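Hi,

Here is the structure I said I would pass on. Have a look, and then read my notes below.

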Amino acid sequence: MMREDSAPTELVIRQAHILDPGSGLDGVMDVRLSSGRISEVGEGLHGPRELDAEGLHLFPGFVDVHAHWRTPGREDEEDIESGSAAAAAGGFTGVVMMPNTDPVVDRPVMVSGLVRRVERESRVRARVSAALHVGLAGERLTEMRLLKEAGAFCVSDDGLGTASAGVLRNGMLYAHSAGLPVFLHCEDHTLATGVVHDGVAASLAGLPGSPASAEDAATATALILAAETGAKVHITHVSTALSAALVGFFKERADVTADTTPHHLTLTDDLVSTLEGLYRVNPPLRPDGDRGGVEAALREGILDFVATDHAPHASEEKELPMEEAAPGFLGHETAFAALYTDLVLTGRLSLTRLVETMSCAPGEWVGEGGSLRIGAPADLTLVDLSEEWTVGRETLISRSSNSPYLGRTLTGRVVGTIVGGEPVHDRTGARFGVRA
Ligand SMILES: [Zn+2]
Ligand SMILES: [Zn+2]
């Protein structure tokens, strides 16, 4: 990463409210970062460089296992530089990049090329997901052992194709033997034929709907195959109450984890009535019964963590009627604030559980980050929980502006992000004016 050629440094962050459920930290303390790692947490710490963080909260850096940075192929929408800047602005210190680029990341040479580019161009730690099947076409499996050797972190079918059960089963067996987690977008395309959730809102708007069963049937299939093959499987963007319950049923029966998104936790298919293509996303926004079921599952630990599915799109692909618009939302920059505003401030989710689901649990899944224990990488985020801000095109660092929260006033804002002990985001440009 960019910072690694800089000299080893030390920084003491003073008087932040440190919250790391994984390390049992919750209180106003100081933290010392030395040579890119957490070296000391306590009171009355001082050093040659100090950062006054009084009034701010300090969390382990957020980790987002689901991002589309559009490199290669659609750098007009996002690239590694802009995507990682948006991630850092949202407090994320680690990301997993999805393979549905143009071309699809399905060959070892593409993986190794992306790994090299990430080292040069990304502000945050970024891992490369390779495709589960060639071209994400759902037919021929990729060469997973070679993809892993080239640096792939996992294999995924996200963004384009869900394979048949037979192909998926073989893919899980191959991935399992190659030592790669399988990251799945569960939607059965023979059922997901609409553009929004198939419910009352779709009927009133006269739009073709995809039933919840499109997700539920694919999720059940994936879970059954995970249990049978023993593969390490992650189900992303769970959006229905039934899919969440199915994950719960298989928790003890398979090596399975699952996430849901900020938008499925905070928005519903009421937005279909706007007819605006901005609100098209896969899986679609659901009725409040599903939203609430997913929220309960996250609260109870059935769903392991939150991932944003950050999916930038050019305005000419979003400012269209629902049926013609590209599916997907920006996610990095609004994730914490949307969840803090809608779930924590309303008393539906504790701040501790939010930090577990944005930092600790996804950090554990990727095997690095999400912890402030002594010796861990100095990846952390500083947040002002009292700041109110209105999401607008001018506030977004992403190259695209397809945020479903545009115009919404949210509470809680990331003011600084540190990766490996070095600032990668400093919103005001003042906070990191470190005192000598
Ligand atoms: Zn997806
Ligand atoms: Zn995605």
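This is a predicted model: local features need pLDDT of at least 70, side-chain atom pairs count only at pLDDT 80 or more; totals for chains, interfaces and linings use all residues.

Let me start with Phe250, which counts as buried at 11% relative accessibility (buried is under 20% relative accessible area, exposed over 50%, partly exposed in between, with a 1.4 Å probe and protein chains only).

Residues are numbered from 1 along each chain as its sequence is written, chains are lettered from A and ligands numbered from 1 in the order written, and side-chain values use heavy atoms, leaving out hydrogens and water.

Aromatic rings: those of Phe, Tyr and Trp (its six-membered ring) pair if their centres lie within 6.5 Å, with planes under 30 degrees apart called stacked, over 60 edge-to-face and the rest tilted. That gives nine aromatic pairs. Phe249 and Phe250 are edge-to-face because their planes are at 75°, with ring centres 5.3 Å apart. Arg253 also sits over the face of Phe249, 3.8 Å from the ring centre (the rule wants NZ of Lys or CZ of Arg within 6 Å of the centre and within 35 degrees of the ring normal).

Then the metals. The zinc ion (ligand 1) has Asp158 (OD), His185 (ND1) and His237 (NE2) as protein donors, at 2.0 to 2.1 Å (donors are N, O and S atoms within 2.8 Å of the metal, or 3.2 Å for Na, K and Ca; water is not among the atoms, so sites may look incomplete). Asp158 bridges this ion and the zinc ion (ligand 2), 3.4 Å apart. Both His185 and His237 are buried.

Cheers
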